[in-house]
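Open the model in your viewer and keep the selection tool ready.

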Amino acid sequence: MHGLLSTWWFSAILGVGIVAASTLIRVVTHRGALRASSITGATRATVRGILLRMAVVLGGLALVATMLPVHKTAFVIALVTALIVSVVLETVIIWRHTSNTCS
């Protein structure tokens with residue numbers, strides 16, 4: 001098992017998996033915010049989601065990088081790349097939604 005954990009592709013999958021978990025949290029908290037009965041409730045749901053996502057990404061990064069014998073470079077590059085792609089896609093989706101709503 002130690003040999004599998006230290007391979008670059010398994011390390012990359014772990015990095016992408018952490019970002020996938022963060023994205024899933026984003027979807028769930030966004031739906032919760034949409035169901036909120038007030039702006040305050042929606043804002044609270046959104047902020048809780050952001051904090052939870054940060055905890056998942058930073059906690060996952062810290063745990064995997066310190067506790068598992070992974071290929072650290074591949075893990076960090078995959079995690080950061082997936083995080084950037086996730087943020088760009090999320091921004092594009094929000095931009096399109098607001099453009100369609102406002103016009």
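Select R53 and S22 and show their side chains. The two side chains make a polar contact at 3.2 Å. This is a predicted model, so read the distance as a computed value.

Stay on R53 and find its place in the fold. R53 sits in helix α3, which covers residues 39-67. Is R53 buried or exposed? R53 is buried: its relative accessible area is 14%, and buried means under 20%. Now bring up its surroundings. Leaving out residues up to four places away in sequence, R53 touches S22, I25, R26, S86 and E90.

Next, select T29. T29 belongs to helix α2, residues 8-35. With a relative accessible area of 17%, T29 falls under the 20% cut-off, so T29 counts as buried. Which residues does T29 contact, apart from its neighbours within four places in sequence? Display A45 and G49: T29 is in contact with both.

Last stop: the aromatic rings. How many aromatic pairs does the structure hold? There is one. Select W9 and F10 to see the pair. Their ring centres are 6.2 Å apart. Why is the pair edge-to-face? The planes meet at 85°, and over 60 degrees counts as edge-to-face, so W9 and F10 get that label. Finish by showing the surface at W9. W9 is partly exposed, because its relative accessible area of 43% lies between the 20% and 50% cut-offs.

Methods: Residues numbered from 1 in each chain as written. Predicted model: local features only at pLDDT ≥ 70, side-chain atom pairs only at ≥ 80, totals over all residues. Heavy atoms only, no water. Helix = DSSP H or I, 4+ residues; strand = E, 2+ residues; numbered from the N terminus. Buried < 20%, exposed > 50% of the residue type's maximum accessible area, 1.4 Å probe, protein only. Polar contact = N/O pair within 3.5 Å; in protein donor to acceptor, adjacent residues only side chain to side chain. Contact = heavy atoms within 4.5 Å. Phe/Tyr/Trp six-rings, centres within 6.5 Å; stacked < 30°, edge-to-face > 60°.
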